[in-house]
Amino acid sequence: MDVAWDPISKSVSIGMVVVDHNGQFLACKSMLAQANSALMAECLACQEGCKFASNRGYQMVSFESNCLEAVKSTNGDISRGKWEIYPIHSNIRDFLLAFRSYSWTWIRRIANEAADHLAELAKSRMRNEVWAFRPPSSLTFILNKDGLSCPPTND
């Protein structure tokens, strides 16, 4: 998951990519939201990632974000976190009950290019979109560069 946050308009663009344990593309999503801070935006992305995985019926998931503070607060005791993100973390905890197993991992920004691209795509297209089975053509190069396989595009 990744976000692009505008501190003036408070608009958030979220991108997320789902791959299986072999790195095969399964689905991706880009969406818009609102947040009062960059951290809130990153935590919203974590919440939406949980919701997306839960709605798609995945049971064993590994979530990755390049926001260390969001990953730490999601992995830790939510009562010790910042009060503004407590409701988001409470929602995340509820979504996590749907999974048999899950993990949260911080990754470097360079390893999050595909999700970053989808966040930028949401901002430019100004709408929410989901791609199941086939990524948008603009994402194929990034996935291949990252060593992730994907089927041919259809957009």
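Contact here means heavy atoms within 4.5 Å.

**View 1. The whole chain is a predicted model, shown with its confidence.** Local features need pLDDT of at least 70, and side-chain atom pairs count only at pLDDT 80 or more, while totals for chains, interfaces and linings use all residues. Residues are numbered from 1 along each chain as its sequence is written, and side-chain values use heavy atoms, without hydrogens and water. The pLDDT is the predictor's confidence in each residue, from 0 to 100. The protein chain averages 85; 90% of the residues score at least 70. Among the elements, helix H1 (residues 38-55) has the highest mean pLDDT, 94. Helix H5 (residues 137-145) has the lowest, 80. Helices (H or I, at least four residues) and strands (E, at least two) are DSSP runs, numbered from the N terminus.

**View 2. Four strands make an open antiparallel sheet.** The order is E1-E2-E3-E6. Two strands pair if DSSP finds at least two bridges between them. E1 (2-5) and E6 (129-132) each have a single partner strand, so one side of each lacks a neighbour in the sheet.

**View 3. Strands E2 and E3 pair in the antiparallel sense.** E2 covers residues 11-19 and E3 residues 25-34. Nine bridges join them. Val-12 stands opposite Ala-33 in E3.

**View 4. Thr-74 sits in helix H2.** H2 spans residues 68-75. Thr-74 is buried (under 20% relative accessible area; exposed is over 50%, partly exposed in between; 1.4 Å probe, protein chains only), with a value of 3%. Leaving aside neighbours within four places in sequence, Thr-74 is in contact with Cys-46, His-89, Ile-92, Arg-93 and Trp-104.
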